[in-house]
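Biologist: I would like to learn how to read a model of this kind, feature by feature. Could we put it on the screen and begin with a sheet?

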Amino acid sequence: MSLIGKDLSVSELEDLLTAVKCELETSNEEVVVEVTSDRPDLFSAEGVSRAIRNYLGIGSLYSFGKYPALPIDLIVSESVSSIRPLIVSAAVRGVSLNNEALRQLMQLQEKLHNTYGSNRRKASIGVYDLDKILPPIVYEARPPEEIRFTPLEHTAELDGREILELTPKGKEYGNIISKSQNYPVLIDSRGKVLSMPPIINSEDTKVSETTTNLFIDVTGLEMRPISICLNIMITSALERGGSLQYVDVRYKDRRLRTPIFAEHFQEVSLSKAREVLGLDLSISDITSLLKRMGYWTETIGDEVVRAKIPPYRVDILHEVDLIEDIMMAYGLNRVQPTFPRVHTIGKPLTGSRLRARIRDLMIGMGFVEVTTYVLSNCEMMVNKPQLPKRPFVEVVKPVSSEYTVLRDRLLPKLLDFMSANIHVEYPQKIFEYGSVVVIENGTPKMSNHLGVVASGDRVGFEEIQAVAFSLFKNLSGNVELTKASSTLFIDGRIASICVNGTEIGILGEVHPQVLVNFALSNPAVAMEIDFSKLVYLESLFRG
Amino acid sequence: MSLSQSEAEFLDALIELGGRADSSAIARKMGIPESSVFPISSLLAQKGYVKITEFIQEKFFLTDEGKYCASKGMPETRLLAFLREKGGSVPLKELSKVLKQNEVSAVLGWGRRTGALSIEKKPEGNVIILMKDVPIYYDPILIKIENNSYSPDEQEKPLLRDLLLRGLVTKKDHKEIVIELVPGTDHDRKVAVGILTSEHIKSGKWREITLRPYDVSASPPELKIGKKHPYLEFLEEVKAILFSMGFEETEGQFVETEFWNFDVLFQAQDHPARAVHDSFQVKNVSVDIDASPKLIESVRSVHESGGNTGSKGWNYKWDMEVAKRPLLRSQMTVNSVRYLDSHKDPPVKAFSLSKVFRPDVIDSRHMIEFCQLDGIIGDRGINVRHLLGILQEFSKQLGFKRIKFRASYYPFTEPSIDAYVEHPKLGWIECLGAGMFRPEVLGPLEIDFPVIAWGIGIDRLAMIRLGINDIRDLHSNDLSKLRNWGWW
C-alpha cells in the first residue's frame, strides 16, 4: 500500500487490478496477482502499484532522477563474442531496500528469466551491491580453471567447472555455456569476479537490506530481450527511490550507453480509436484516458494524440496498443455490447452430411459411438495389430510414451478400446467416425475414416459383411467385396471393400494372435473405411 | 396374480410339455439359455403357479482315453480279438500292435483276475496264452456314455467304478430342477392365453380367447442399444448454434507449418510459446508452406520492422527455415487466418471446431489433445462493441445468462479480451478469449476491414454440461459408462 500511497479495501483493489490488466488470484496476508505475458512491467509489486497510482491519478506521470556523475565504464572483451556477445547494464544510486523490496526484486529477476530470458539462455540478469565493486568493469571469457570465486550462498571458492558441477544453479543452467572452452565472467578493476553469467553471482557482491547502490547487468544473445529485461529491472528498482546512473558499454568498435531509455512516441488518431472501440470519444477524452494509463500526451491538430511511451512499456508497437489502453481506462464493462448485423448464411463443412448419415446408420445397426485420441503410439498401431512398420507423423518431444504418433487408421484404437472393456457385458458393438493422418510422399494427409468392431461369443464374417452391405445400401452405393490379405485378419476371412469401383476399405475377422495381443478373449469382426474418397456421395443426397 | 410376459410364456411352454418338465427341456422349448429358467420359475413359484423340485444328478463323461476306447474298443476286447486271430497265443512283445504302453498292465491284471490269460516262459521270450473266452461288459457302457444315453444301473455299478478308476470316465454333479404346474392354478390358464399369435389373428380365434394381464411393473430385460457419443453430441449442438448465427464451418489440418500457426499470427519466432516444450514439433514429414511469395514477404517484413502496417515490428531477423517447420497445430485461429487468406471480401463469418495439440502435464484438467472453437466476423464498421455483442449472444445461446469482460493479451489481437460466464453452481467461469486481429495480422493477408476473432476452450464447457470432472472422461473408454449415459 505504501507504494500506491493510499489505503484500499480488497474489493477496491480487485477492481483496480482488473482495470490495469491484472487478475487478483488470492488475497490473504499476501496479494497474488496474475499478469499477462505482454506486460513485464507488472511482474512486480512496484510496477503494479505504479499502474494503480497512475489510474487513480496519485502523484505525477513517470519520471526518474539522474545521478549527477559520469557513466560507469564496462569494457567488453572480444573473447565473449562467440559465447554470449551482448551486455547492457545500469546502476541505481540511493535506493532504499527493505526485506520485501529485495524479495520483489529477486522475484522480478526470476520471472524475466523465465519469460523474456527463455530460462536464462537469451537473457540473464545479475544484481550487485555497487559499493563492493570497483569500476571499470570488464566482461570477458576465461578458461574455467582460471575462474575462481565464492558463488552466491556458498562459503568456499570454486573454479568455473566446479561451479557447473557442484552448485544447484550450475547444474540447472550449466548446459548454456558448458560446450564453450571459455566461460563468460564479469570482473572489476581489482580483478575480482562479480559473476559468471548466466549461472551465478559472487557471494561478495550480494545485495542486502543495507545496500543503497545497485548495479545491474543483463547478458544475452539479442538486443531486444536484454534491453527489455534491463529496462524493467531498472524502472522497478527506481520505484524504491534513488537515481539512475548510466553505464557506457564499450565494445571494440562502438560505445553503447545503457539503459536505452530512448524517447519514443506513438500516435493515435481520434477516428481510429472511435472506429475500433465503437465509442463516441472526443480528443480530450482520449488524452485524459491515456493519462490514467500513465502516458504523457500532446495533441496534434484536432485529430491526433501523441503519447510518450514510458521505458517500462515494452508492449507498445502500434496505435492499436494505445487504443486497448484507452479501452481499459474507459472501463471495459461500461462498453455496451452490440450484436453485429452482419448477414451471412450458415454452412456446415463439406462432408458433414455424409458424416451425420453414417453415424445415424451405425446407431440404427446398434453400434455405440466412441471417440478416441488422435495421438497414439507404435506399440498400439504396429506391434499389437501385427501391421507393417511404416512412418508416422511423430512428435519430436513427446510428453508421454502413450502419445507419440498420429494415428493413421482407427482399428487399432478401437481394439485398444475393447481391451479396456473386457469385463463389460458382451456382445459389444462400437464404431468411431474420425480423422486419421497418413503420410503420402512425405506429406501428411488427413482423412476421415469409419472404424467398426463387433465382438462376442459367436460373431463371424457374415455379421460385418452384413453391416457393410446395409451401410452402403443406405448410402446409395454399390458395394463389392474382393479377396484381400492382412495380418490383422484371419486369412481367407478378410475382404477389400469396393464402392462404385473404388477400393475404400477392408473388413474381416480379427486374427486370434491380434486378439491375444490386445488381451481379448472373444472373437471380433472389424471394418475400416476411408470416407474421404466418397465425399461426392453427398451430392447424391441433395439429388 | 398378474404375470410378466416372460412368465406367461414360461407357463405356456410348461403346459405344452405336459405340466412337468426339467429345466433343460423348458430352455429348449422356449429357446432361452438354461440359466434364465431358474429366475423365471422361482418367481412363478412365489406366485404359487409352479412347484420346483431340485435334485443333484450324477452325470458321466468320457475322458480323452475313454473316447479312444469307445471308438477302438476296450484294451481287453482288442487283446482277446487279437489272440483269437493268432490262434490263441502271441509273444508278449507283439502286444504293442493292439495295446498302448499304458494299457498293458491293466489288461494283464484283468486277465489274471478273470483267468482269461496266462503267461508262459519260452526260450524265444514270454508268450501270452488265451485260457478261456470271458465276456466283456465295459464297451456298451462306454458307447452309452458317449451317446449321452447312459443312466446308472445298480448292477453295472462295479463296472462303472472300474472305468472311473481306470480314468476312462469322469463324473460331475449336475443340478437339475424339475418344474411342475400346481394343480388348480392352471384353471384360468386354460381360458387365458399368454401370447397373442399371428395364428390367433388370422383365424379370428382372438375373439374367443382372453389375453391374460401382465405384471406391468416387472422389470424387462435390458436392451443394448446403439447411441451417439455425448461429447460429440454436445459439439454438434454448439455447431448448430453457430449455423443459426450465420457462421460457415471450416477445417484445416492437424499438421501445420509454424508459418501459419505462428508467423501469420504475428508471434515472434523467439516467443516463448514457440519453444519446443510449448508446441509439438513433428518429424518424418515435410509440409508445403502453402502461401504466396507475396504473403511470405509481407509476414517477414511485418515481423522485422512492422512492414507498412504502422507497427514497429519485433525488430529481429525473421527466419524462413523456422517458419517451414511442421508442427501439430496449437490453436484453431490458424484456420481462421487461412480462411481470411482465401476470403478477402467482406462480410466474412466463419468458425472451426476441432482438435489442437499442446504439450502439458496430463491430469484431470489438462490433456495434450483437446478441442477448441475459433470464430471470426469481419466487415466494415465492426468494432469492440460487436465483439462483446457476439460473445454475449453466443454464451446466452449456450445457456449462460450473465457475462463479464476484462482486458487480456493475445499476440495476434489488440484489444484483447477475456470473458467469464456465470454458472449457477460453479460461479464465474473463464472460458472465452477474444480480440480484434492486429493490423500486423490483417496487413499481410491484405484484409482491409476489421475482423473480430474469438475462441473457446470448448472442452471446459463440455465437462460442465456433461457433468464430468476429469477432462480425460470426454474421451472415456468406459463402454458401460457410455451405455448407461443418461440425458444431459
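Biologist: Which strands of chain B does helix α2 of chain B lie across, and at about what angle does the helix run to β1(B)?

Modeller: Please keep in mind throughout that this is a predicted model. Helix α2 of chain B, residues 23–30, lies across β1 and β6 of chain B, and its direction is at about 95° to that of β1(B).

Biologist: In what order do the strands of that sheet come, and what is the sense of the pairing?

Modeller: As a general idea, strands of a sheet pair through backbone hydrogen bonds, in either a parallel or an antiparallel way. In chain B, three strands make up an open sheet with the order β1-β6-β2, and the pairing is antiparallel. The edges are taken by β1 (20–22) and β2 (50–62) of chain B, each of which has a single partner strand, so one side of each is left without a neighbour in the sheet. On average, neighbouring strands of this sheet are turned by 25° against each other, if direction is ignored.

Biologist: How many bridges join β2(B) to β6(B)?

Modeller: There are 13 bridges between β2(B) and strand β6 of chain B, residues 169–181, and the two run antiparallel.

Biologist: With which strands of chain A does β23(A) pair, and in which sense?

Modeller: Here both senses occur on one strand: β23(A), residues 428–440, pairs in the parallel sense with strand β19 of chain A, residues 368–369, over two bridges, while its pairing with strand β24 of chain A, residues 443–455, is antiparallel and extends over 13 bridges.

Biologist: What is the radius of gyration of chain A, and what would a compact globule of 543 residues have?

Modeller: Chain A has 33 Å, whereas a compact globule of 543 residues would have a value near 24 Å. Along the principal axes, the C-alpha atoms of chain A fill a box of roughly 95 × 65 × 50 Å. Of the 543 residues in chain A, 45% are buried, and the chain has 15 helices and 28 strands.

Biologist: How many residues does each chain bring to the contact between chain A and chain B?

Modeller: An interface is often described in terms of the accessible area lost when the parts come together, but residues can be listed as well. Chain B supplies 78 residues and chain A supplies 76 residues. On the side of chain B that touches chain A, helix α16 of chain B, residues 384–397, gives the most, with eight residues. By class, that side of chain B has 35 nonpolar, 21 polar and 22 charged residues. Strand pairing also links the chains, for β21 (residues 394–395) of chain A and β11 (residues 282–283) of chain B pair in the antiparallel sense over two bridges, with Val282(B) in β11(B) as the bridge partner of Val395(A).

Note on methods
Residues numbered from 1 in each chain as written. Chains lettered and ligands numbered in written order. Predicted model: local features only at pLDDT ≥ 70, side-chain atom pairs only at ≥ 80, totals over all residues. Contact = placed C-beta atoms within 7 Å. Helix = DSSP H or I, 4+ residues; strand = E, 2+ residues; numbered from the N terminus. Nonpolar A, V, L, I, M, F, W, Y, C, P; charged D, E, K, R; others polar. Pairing = 2+ DSSP bridges. Rg over C-alpha atoms; globule rule 2.2 N^0.38 Å. Buried ≥ 20, exposed ≤ 12 C-beta atoms within 10 Å, placed from the backbone. Axes fitted to C-alpha atoms, helices over the stretch in contact; angles between N-to-C directions.
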